[in-house]
Amino acid sequence: MNKDKIPEKIKELVITKIESNMPSNLKLSIGSYGDLTKEEIISHVKKGDEIGKQIVRVHMSFLKAVASGELAKKMISVENE
Amino acid sequence: MNKGMIITLPRNDYVTEYISQFSSEIIREANKKGIKVKNLKDKKVNQKEFEAVIKKLDYKLIVFNGHGSDKTIEGQNEVLIEYKVNDSILKERITYARSCNAAKVLGKECMKNNKKGCFIGYELPFMFYIDNNWISTPKKDKIAPLFLRPSNLIPISIIKGNSAFHAYENSKKQILKNINKILRKGGKESFLFAEALWNNYIGQVLIGNSSATL
């Protein structure tokens, strides 16, 4: 992912998700990239820069974990503890 | 090596301010258990001071709060630990680094040829959301603890006498519990929170001796 360009359709998907789900009072902290507002996150994804790629990676990784059943399996394992 | 903890508490931006303020839980637990603690705060989180303290006190548990990269862990605006420079000082200790990516190269390399120490950290950027309304009073923030408390559990579990593996597992289980709680509660931001928590879950690794205890 780091060296590749983010496909436009994936950018659109991630941006739509952030636009509709991230309240404006929230900021996202990604280590040395600092704390980012909703607008800054969207701008990085649009540009497809290093921060944008990290944000897309996080979204895709979660989607894969949901789709593969990995997340559900892990959550069941701690549900009764 | 002596039973005790050195913890770095830099505050050079909001990210480090948050993780340092939320570290008070870790220090409180150490005090409760009678574990000696050396706090390195603000400007004192520099390489010279850190190396001097570690040499003098020789504490076994090291907790880093600060920015990081594949090969470095930072303090207050400067590198504290760097691969091939001074990473050998971590070799036989129990290290928890709440620093992005530092487990990737630095953590792996400093645990090579070593049977005693262990390194718990992240191979990915450590992520958390904050409520901007509380940015100047982080402890009042209700969002950040969802991400920071599970990570605090790593040193807290070790302070309580558990093995590094137990501490690592405790933290990971708490991340999953928080994902579960958030998704059940609903709300439009729930998936964003769950994604960031999942990132920390998959990024968190333990390298070295998983049976290590304080």
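Two strands are taken to pair if DSSP finds at least two bridges between them. By that criterion, strand β1 (residues 2–9) of chain B pairs with β2(B) in the parallel sense over six bridges. Helices (H or I, at least four residues) and strands (E, at least two) are DSSP runs, numbered from the N terminus. The model is a predicted one, in which local features need pLDDT of at least 70 and side-chain atom pairs count only at pLDDT 80 or more, whereas totals for chains, interfaces and linings use all residues. Residues are numbered from 1 along each chain as its sequence is written, chains are lettered from A and ligands numbered from 1 in the order in which they are written, and side-chain values use heavy atoms, with hydrogens and water left out.

**Chain A overall**

- Chain A contains four helices and two strands, arranged from the N terminus as α-β-β-α-α-α.
- The C-alpha trace of chain A spans about 40 × 30 × 25 Å along its principal axes.
- Of its 81 residues, 49% are buried, that is, under 20% relative accessible area with a 1.4 Å probe, protein chains only.
- Among the contacts in chain A (heavy atoms within 4.5 Å) with a separation of 6 or more, 46% come from residues 24 or more positions apart.
- The accessible surface of chain A (Shrake-Rupley method, 1.4 Å probe) is about 4500 Å², and carbon and sulfur atoms supply 54% of this area.
- Chain A carries 14 positive and 12 negative side chains, with the centres of the two sets 5 Å apart; Lys and Arg count as positive, Asp and Glu as negative, and His and the chain ends are not counted. Each charge is placed at NZ of Lys, CZ of Arg, CG of Asp or CD of Glu.

**The six-stranded sheet of chain B**

- An open sheet of mixed pairing is formed by six strands of chain B, in the order β2-β1-β3-β6-β7-β9.
- Because β2 (36–41) and β9 (204–208) of chain B each have a single partner strand, they stand at the edges, and one side of each is left without a neighbour in the sheet.
- Neighbouring strands of this sheet are turned by 15° against each other on average, direction ignored; axes are lines fitted to C-alpha atoms, for helices over the stretch in contact, and angles run from 0 to 180 degrees between N-to-C directions.

- Three strands make an open antiparallel sheet in the order β2(A)-β1(A)-β8(B).
- Its edge strands are β2 (35–36) of chain A and β8 (127–131) of chain B, each pairing on one side only.
- Strand β1 (residues 26–30) of chain A and β8(B) run antiparallel and are joined by five bridges, with L26(A) opposite D131(B).
- Helix α1 (residues 14–21) of chain B packs on this sheet, touching β1 and β2 of chain A as well as β8 of chain B, and its direction makes about 90° with that of β8(B).

- Helix α7 (residues 190–203) of chain B lies across β7 (118–122) and β9 of chain B, at about 10° to β9(B).
- α7(B) also lies across β1 of chain A and β8 of chain B, at about 145° to β8(B).
- In helix α4 (residues 103–110) of chain B, the buried residues are A103(B), V105(B), L106(B), G107(B) and C110(B). They pack against β4 (72–74), β5 (79–82), β7 and β9 of chain B.

Key:
Buried means under 20% relative accessible area, exposed over 50%, partly exposed in between (1.4 Å probe, protein chains only).
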